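This briefing covers helix packing, strand pairing and pocket lining in one structure. Please read it alongside the sequence and coordinates.

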Amino acid sequence: AASTLNYCLGFQLEDGAEYTYSDLAEVEEANLDDVQIALNRGWFALNGGAFVPTAAITNAELQGMVTDAQQILAAEQIDENYQSSYTYQPGVIEVPQETEVLIEDNTITIFGGNVSIQAGDVFVVYFNGLPQIYTAVSVVNMAGTLTITAQAQDTDEFLVNADAQGLVKAELGQFVPAEGVEVNYEYDEMEEASARDIESIPIKSLHLSTDLNLGSGITTKLYCDLTNMNLEYEISSENVYVAMTGEMAANLNFSADYVEAAGFKNDITLGYIPIGIIGQISVVANVDFNGSVTFTAVNTFKAGFSYASADGFRTVMNFQKQAFTVCAQMQANIGLTASAGLTKLPCVSGTIYASTGVRGGYDYQTYDDGNHPNDCGTFYAYLYANVGVTAGIDILFIDKDFQKDIAVWDINNSP
């Protein structure tokens with residue numbers, strides 16, 4: 001029970017943590033950390049210093065585990081309208097969050113805001129609710145609009161404290177496709193809009209397609225969809241939470257009749273999507289097949305991490321199957337990997353990736369030993385999902401690094 005629940009919650013022991021129970025030899029090696037995490041969180045109590053893995057779980061223990069899990073998952077809910085606040089080192093000039101700001105490379109334009117900024121001043125502006133700190137090199141004031149040539153600074157060096165949370169939508173309209181990738185856009189409520197104002201309608205999904213060159217003049221089409229790609233965050237002096245969410249779909253229909261095409265394997269870069277000024281989400285298609293395949297996989301996902309001074313690091317992961325179809329002879333794999341690189345999120349840096357797709361195949365054998373059956377065919381297909389996090393946190397008394405890769409779905413637990 002301890003390993004199963006922590007598999008879902010993703011807690012990890014701090015480096016150098018010691019086991020506090022005596023019967024380590026009675027616990028499978030792969031579950032040693034899970035048992036200690038269960039004890040740390042109060043799911044179970046020691047019996048004479050021992051964990052006693054064979055003991056039956058009581059109703060009180062089960063209810064305690066469920067309650068703890070519910071509270072942890074509830075804490076992942078982000079308030080998009082949260083009034084975030086930040087405290088800075090003395091001397092930093094803060095432009096009010098509601099002020100309209102345009103950031104273009106090293107040129108910052110501030111429309112109003114009733115602030116006075118001179119060359120040499122350190123100032124902070126907000127983009128999507130997140131602080132960006134600069135040193136002014138030159139300032140031009142025209143009727144209250146400041147145009148500042150500035151040098152970007154490390155926000156963490158000037159940030160004293162934070163109480164912030166929010167959601168930053170990936171800018172699908174600014175998707176940068178790799179060479180040979182075609183892009184089509186799906187807009188929200190497009191049937192209610194005219195062509196004149198289509199640019200103002202939020203883009204709901206990207207539909208990507210590219211040709212796969214398999215050799216001997218053989219090509220096939222790979223189709224991929226990205227929907228509602230977002231990054232959500234919560235940052236304070238005691239807690240940090242960052243997660244990438246969205247929906248990814250991949251479709252491939254192919255029949256290989258040539259030796260050159262058999263065994264095709266490739267990771268195909270499709271492009272990247274900016275996430276405000278925080279960083280970007282890179283998208284890669286993972287394709288591997290040998291034979292005849294028709295694959296479709298659609299999955300929603302959440303991937304990220306959290307850190308609390310009382311609880312340590314936790315990997316955030318949630319995948320939900322939306323659609324899944326397979327027709328295959330031989331073996332095949334098709335999936336997508338979205339990787340978010342965090343470069344401008346206050347106090348947090350690193351990479352989050354989510355990889356999901358479908359694997360399948362057909363094995364056929366003929367027997368001539370006189371026993372039945374003479375022919376045996378086995379068809380298999382399953383969804384897979386993986387999450388990985390490499391992160392660093394540096395805020396006040398928290399200076400931590402974290403790295404984790406987890407197989408969420410495989411052939412043993414695919415939905």
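The model is predicted. Helix 1 packs against helix 3 and also against helix 2. Six strands form an open sheet with mixed pairing, and the largest pocket has a volume of about 360 Å³.

**Helix 1 with helix 3**

- Two packed helices are described by the angle between their axes and the distance between the axes.
- Helix 1 spans residues 2–9 and helix 3 spans residues 59–74; their packing angle is about 5° and their axes lie 11 Å apart.
- Because angles under 35 degrees count as roughly parallel, helix 1 is roughly parallel to helix 3.
- On the helix 1 side the contact is made by A2, L5 and L9, which meet M65, A69, I72 and L73 of helix 3.
- This contact of helix 1 with helix 3 comprises seven nonpolar residues, with no polar and no charged ones.

**Helix 1 with helix 2**

- Helix 2 covers residues 32–40; helix 1 and helix 2 pack at about 85°, with 9 Å between their axes.
- The range for roughly perpendicular is 65 to 115 degrees, and helix 1 and helix 2 are therefore roughly perpendicular to each other.
- From helix 1, the residues A2, S3 and N6 meet D34, I37 and A38 in helix 2.
- By class, the contact of helix 1 with helix 2 holds three nonpolar, two polar and one charged residues.
- A2 takes part in the contact with helix 3 and in the contact with helix 2.

**Sheet**

- Strands of a sheet pair through backbone hydrogen bonds, either parallel or antiparallel.
- The strand order in the six-stranded open sheet is 3-6-7-8-5-4.
- Strand 3 (93–94) and strand 4 (100–104) are the edge strands, each pairing on one side only.
- Strand 6 (residues 122–127) pairs with strand 7 (residues 130–142) in the antiparallel sense, over six bridges.
- V124 stands opposite I133 of strand 7.

**Largest pocket**

- The volume of the largest pocket is about 360 Å³.
- The largest pocket is lined by 20 residues, of which F44, F51, V52, P53 and A55 are the closest to its centre.
- By class, the lining of the largest pocket has twelve nonpolar, five polar and three charged residues.
- Helix 1 supplies the largest share of this lining, three residues.

Note on methods. Residues numbered from 1 in each chain as written. Predicted model: local features only at pLDDT ≥ 70, side-chain atom pairs only at ≥ 80, totals over all residues. Heavy atoms only, no water. Axes fitted to C-alpha atoms, helices over the stretch in contact; angles between N-to-C directions. Helix = DSSP H or I, 4+ residues; strand = E, 2+ residues; numbered from the N terminus. Parallel < 35°, antiparallel > 145°, perpendicular 65-115°, else oblique. Contact = heavy atoms within 4.5 Å. Nonpolar A, V, L, I, M, F, W, Y, C, P; charged D, E, K, R; others polar. 1 Å grid on protein atoms, 1.4 Å probe; cavity = no way out; pocket = protein on both sides within 12 Å on 5 of 7 lines; lining within 4 Å. Points joined across faces, edges and corners; volume = space filled by probe spheres on them. Pairing = 2+ DSSP bridges.
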